[in-house]
Amino acid sequence: MDIVYSVNRVSIRLTEERWEHIVNNKPYMESYRDTVLEAVEQPTWILRGYAGSLVAVLALARQTYLHVVYKEVHQDDGFIITAFIARKYNRKMMIWTRNF
């Protein structure tokens, strides 16, 4: 299990079960484990997700964005739900942006 800290300073867990779920459903994600953790700690943007989740978005390249869906359950605990790469992100759902 890996633990990183979100921009809200909440510890976010990536369990082996969740990682296997991500890789089984999206085999191309296998080499992105460290990048998934980096996205939670140092995202480019954070989007409002569904059912109280957050989406950390990390710009990888032009029109290539890693999305990591996670939930902050308490002030000191949270977990990663899933992750995927997409060609765009929903700017209307943006709630936080990194200061460049």
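Is Asp2 buried or partly exposed? I noted first that the model is predicted, and then I found that Asp2 counts as partly exposed, at 25% relative accessibility.

Entry on Asp2 and its partner. I looked up the salt bridge of Asp2 and found that its partner is Arg33, with the closest N and O atoms 2.8 Å apart. This pair links distant parts of the chain, since Asp2 sits in strand β1 and Arg33 in helix α2 (residues 33-41), 31 residues apart. Arg33 counts as buried, because its relative accessibility is 19% and the cut-off for buried is under 20%.

Entry on Arg13. I saw that Arg13 forms a salt bridge with Asp77, and that the closest N and O atoms are 3.0 Å apart. Arg13 belongs to strand β2 (residues 11-14) and Asp77 to strand β6 (residues 77-86), so this pair ties together parts that are 64 residues apart in sequence. I wrote down 24% relative accessibility for Arg13, which counts as partly exposed, and 22% for Asp77, which also counts as partly exposed.

Entry on Glu17. I found a salt bridge between Glu17 and Arg18, with 3.0 Å between the closest N and O atoms. Glu17 is partly exposed at 48%, whereas Arg18 counts as buried at 19%.

Entry on the surface. I looked up a nonpolar patch formed by Met1, Ile3 and Tyr5, which together have about 320 Å² of accessible area. Tyr5 lies in strand β1 (residues 2-5) and is partly exposed, with a relative accessible area of 37%.

Conventions. Residues numbered from 1 in each chain as written. Predicted model: local features only at pLDDT ≥ 70, side-chain atom pairs only at ≥ 80, totals over all residues. Heavy atoms only, no water. Patch = residues over 30% accessible without salt bridge, like charges linked within 9 Å, V, L, I, M, F, W, Y side chains within 5 Å. Areas by Shrake-Rupley, 256 points an atom, 1.4 Å probe, with all protein chains shown as cover. Salt bridge = Lys/Arg side-chain N within 4 Å of Asp/Glu carboxyl O. Helix = DSSP H or I, 4+ residues; strand = E, 2+ residues; numbered from the N terminus. Buried < 20%, exposed > 50% of the residue type's maximum accessible area, 1.4 Å probe, protein only.
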